[in-house]
Amino acid sequence: MREVAELRERLSRLSEASLHITEDLDIDAVLQRVVDGARALTASRYGAITIPGESVRHPSFFVSGLTREEHQGLFDMPEGLEFLKYMSGLEEPLRVSNINSHLSAMNMPEFLPTVPATSVLIAPIRHQGVGVGTIYLAHGLDNREFSQEDEDTLVLFASQAAMAISNAHRHREERLARADLETLIDTSPVGVVVFDALTGAPKSFNQEARRIVDSLRNADQSPEQLLEVLTFRRGDRQEVSLREFPLAELLRIGETLRAEEIFMHVPDGRSITVLLNATPIRSEDGTVESMVVTLQDMADIEELERLRAEFLAMVSHELRTPLTSIKGSVSTIMDAGTDLDPAVARQFVRIINDQADHMNALVADLLDVARIETGTLPVDPEPAEVAVLMDRARSGFASAWGRNNLTIDIEPDLPLVMADRRRIVQVLGNLLSNAARNSPESAVIRVAAARDGVHVAFSVVDEGRGIPAESLPHLFRKFYGTQSEEQGGDTGLGLAICKGIVEAHGGRIWAESDGPGMGARFTFTLPALEDSGSDAAGRFPSASTRHEESAEERLRVLAVDDDPNDLRYVRDTLARSGYAPILTGDPEEALRLVEQDRPELVLLDLMLPGTDGIELMKDILDMADVPVIFLSAYGREELIARAFDMGATDYVVKPFSPTELSARIRAALRRRATTEPMKPYVLGDLTIDYTERSVTIAGNHVYLTPTEYRVLAELSANAGQVVTYERLLVQVWGEKSDGDVRPMRTIVNKLRRKLGEDAEAPTRIFTEARVGYRMPRGE
C-alpha cells in the first residue's frame, strides 16, 4: 500500500510538472520551467539544461539552484564546454555516483565545476527522434545518489518536455515570421487594406494606406465614417457612392480587380487617384470572408509624366530655336544671291555656326543623360592635380562668359585626385555657368578646393538669387524645374549631368543656400590619392589597363545574390571593370568561398534565402577583414543605418548603374589601401594586434564588433595625437556619416566598458572636449 501511495504521489507530481511546462509558449520561460521541474521531481541540488549547438557557440544555458556567481563559474571551469559538448551528445540517460571516476574511465579531463558535485543524472530530450536538449542534474557532497526511480521519472518528464520545447520553438518561429511579414507589409510603398466582407469595416491597414486615408478624411473623422461619404470612379467612368451601395454589399460580390485605375473623392473636393488591386479571401464553402485591397498612389507617376511632357516640350523648343535661326540665315543668303555684301554674309555664316554649336551642345547633354541612366557614361579616372583641373575650368569659363570676377582658393599640399579630367572640367564648367547665370555681372564667384577626409571637396559659391529650401532636395533631378534657371542651363540638364559624373567617380554632390537672395554653394567630392598609397592605387583597374590584366592579377570580388538575373548583371559589371567575379546564391557557400578564395571585397544582397544579409555579413567579418557593400532594393533609412552600424562599408540601392557600382567598389578599395601599423600597439596589459585584428587585455581576448575595432584601431594607430570627430566619421563610417557624432559616442562608450575603462577617470581613451579622442603612445 505504501508503494502504491508513493507511486501515486510520484505520478501526481510528474503530471503537475508536465502541466506547468505547457502553460507558457515563451521558449525562455519553458526552458526555465523544465529545469526547475526536473530538479524538483528528483530533489536535486543543482540543475541545468542546454539546447543543441547553442552551448558551444554561445555559452549560455538555463540553470536552477545556482547563484549568479556559480552560474558564471560554469563558463570558466577548465574543459567546461568540452564536457557539455560530450554530455549533450548522449542518446541514453546517464546516471553515475561519481562523475570524475566516470570521466577518468572515459579518458576525459577531470570535471572541476565551481560548485561541489559528485552524483550526476543526465537525460537527453528527444522529439520525434531528434535531440532538442539535455537535462543535467547533480547532488552536492552529501553522499546522496540518484536512484533508478529518479532516472525513470526524469526520462518520463523529458519526453513531456520535448513536446513543450518543440511547441515553444515553433511558436517563436511563427511569431518571428509573422512579425517579419507584418513589417514588410507595413513598410511597403503600396497601401494594403484588409476588409471584413460581412461588415465592410477595415480589419487592418498599413502605413501607406493610412496616409492615403488621412489625405481624404477630416481630423475628427474615423476611417469607417470616411467610407460612408467616399465616391469611386472606375476607368469606364462609372461612379459608385458608398452612401448608395454599402461597402459590405460590394465586398460580398467578391469581384477580383487587377491594376485598375480608380479615382476617389469626398464631398469637399479632395481626391486621389490610385492603382487598385482587390482579391477576395473565401471560406471552404466559397463565401467571401474578407477582401485584400492594395492601393498605389498615382501622384508621383502623374507628376513624372507631367515633368517628362514639359521636358520634351522644352527640348523641342530648344532645338527649334537654333533651327529657325539657321533656316533664316540660309534663306537670306540664298535669296540675296550675289547682291549680298560679303561682310553681311560672313555674319550670317557666323550665326549658322554658333547655332549649330548650340544644337551640338544640347544633343551632347541629352546623350550624357541617356548614358548616365543606362550606366554607360564613359569615365576613365586617373591621378590628376587639383590646380590643373581648376585652371582648365577657369579658362573655359572666361572664354564662354567673358568674365574675370572669379577667385580661386586651393588648400596647400592637396593630394592628387582620381578624376577623368575632361568630365570633371565639364562639371566645374556647368557649376560656374550656373553661378554666372544666377548672379549679377559685378558679383564675385568663388571656387575652392579643400581636403575632406579621404576625399577632396570642390565648391562653387555665388552671391546670386539663391535657392528656396524646398527646392534643394530636387535640384539634381533630371525632370525637376526645367523652367527654373537654378538648375543650371536652359535645358535643366546641367546639374543632373554633374551628379551622374561625380557619382561615377565615387563622389557625391550637394547644394546649400540660406534662401532666396542669399546666394548658393554647390559642393562635390572626388577620391583623394595619398602619396603613401600611390603604388597601391595602381592596383585599381582603369579603362586603359584592365584588358591587359590576367585573371590571376585581377582583384577578386565575391557577389552573393539569390536572383540569377541580378547576379548575372553584377558579374558582367565586375568583368567589364577588370575584376575577377566570384558568384554564389547560397549563403553557406558564400562563407566557404570567403575562406577558400579570400576575396578583396564582398557584394551582398540584403534579403537572402534562410538568412538575413546583415547576419551573413557578421559571419563573414568574423572570418576575414574584408569590405562589404550591400546591394539592395530596400532603401529605408533604418535598414541602411543598421547595415553601417554593423560594419558595412557602403550601401547601394537597386537599381544601380554599372558605372556607379564600379566607382563605389573603387572607393571602398581605395579606403582600404590606408594601412594600419604592422607593429602591435601595447599599453599596459592592453595589446592590439593589427595583423590578427585582435584585442587582448592581460592575455584575455576582447570581442569587438567590426565598427568598434575600426574606431579603436584608428585611435591607437594615431596614438599621442587627437583624432577629430570629423576624421573618425570619415575613416570609420565613410561618406554616409552625415556628420552625426552620436553613433561615434555610443561606440566609444561601449569600447570603454569592454576595456574596463572608467569614463570619469580614463586611462586608455581620453576625450578632448568638442574636438575628438586620443590614446596615449604605446610602450
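At what angle do the axes of H14 and helix H15 cross, and within what distance do they come?

What we have here is a predicted model, in which local features need pLDDT of at least 70 and side-chain atom pairs count only at pLDDT 80 or more, while totals for chains, interfaces and linings use all residues. Residues are numbered from 1 along each chain as its sequence is written, and side-chain values use heavy atoms, with hydrogens and water left out.

To answer the opening question, the axes of H14 and helix H15 (residues 494-504) come within 9 Å and cross at roughly 150°, where axes are lines fitted to C-alpha atoms, for helices over the stretch in contact, and angles run from 0 to 180 degrees between N-to-C directions. The crossing of these two helices is left-handed, a term that applies if the near helix is turned anticlockwise from the far one by less than a right angle. On the H14 side the residues involved are Arg423, Ile424, Gln426, Val427, Asn430 and Leu431, and they meet Gly494, Leu495, Ile497, Cys498, Ile501 and Val502 in H15; contact here means heavy atoms within 4.5 Å.

By a nonpolar core I mean a set of buried Ala, Val, Leu, Ile, Met, Phe, Trp, Tyr and Cys residues joined through side-chain atoms within 4.5 Å, with buried meaning under 20% relative accessible area, exposed over 50%, and partly exposed in between (1.4 Å probe, protein chains only). If we leave aside neighbours within four places in sequence, Phe458 is in contact with Val386, Leu389, Met390, Leu428, Ala448, Ala449, Phe522, Thr523, Phe524 and Leu526.

Of the 779 residues, 44% count as buried, and among contacts with a separation of 6 or more, 62% are between residues 24 or more positions apart.

Let me turn to the sheets. Five strands form an open antiparallel sheet in the order E2-E1-E5-E4-E3, where two strands pair if DSSP finds at least two bridges between them. Strand E2 (62-64) and E3 are the edge strands, each pairing on one side only, and the twist averages 15° from one strand to the next. Three bridges join E3 to strand E4 (residues 120-127) in the antiparallel sense, with Val96 having Val120 in E4 as its bridge partner. Helix H7 lies across E1, E3, E4 and E5, running at about 35° to E4.

A second open sheet has seven strands, paired antiparallel in the order E7-E6-E12-E11-E10-E8-E9. Strand E7 (202-205) and strand E9 (239-241) stand at its edges with a single partner strand each, so one side of each is left without a neighbour in the sheet. Neighbouring strands here are turned by 30° against each other on average, direction ignored. Within this sheet, strand E6 (residues 191-196) and strand E12 (residues 288-297) pair over six bridges, and Asp196 stands opposite Ser290 in E12. Helix H8 (residues 207-216) packs on the sheet, touching E6, E7, E10, E11 and E12, and its direction makes about 130° with that of E11.

Finally, the charged pairs. The structure holds 27 salt bridges, each being a side-chain nitrogen of Lys or Arg within 4 Å of a carboxyl oxygen of Asp or Glu. One of them joins Arg95 and Glu151, at 2.8 Å from N to O, and it links distant parts of the chain, with Arg95 in strand E3 (residues 94-96) and Glu151 in helix H7 (residues 148-186), 56 residues apart. Arg95 is partly exposed at 32% relative accessible area, whereas Glu151, at 16%, counts as buried. Another salt bridge is formed by Asp650 and Arg664, at 3.1 Å; Asp650 lies in strand E26 (residues 650-653) and Arg664 in helix H21 (residues 658-672), so the pair ties together parts that are 14 residues apart in sequence. Both Asp650 and Arg664 are buried. Asp612, Glu615, Lys618 and Arg642, for their part, are linked in a network of salt bridges.

Notes:
Helix = DSSP H or I, 4+ residues; strand = E, 2+ residues; numbered from the N terminus.
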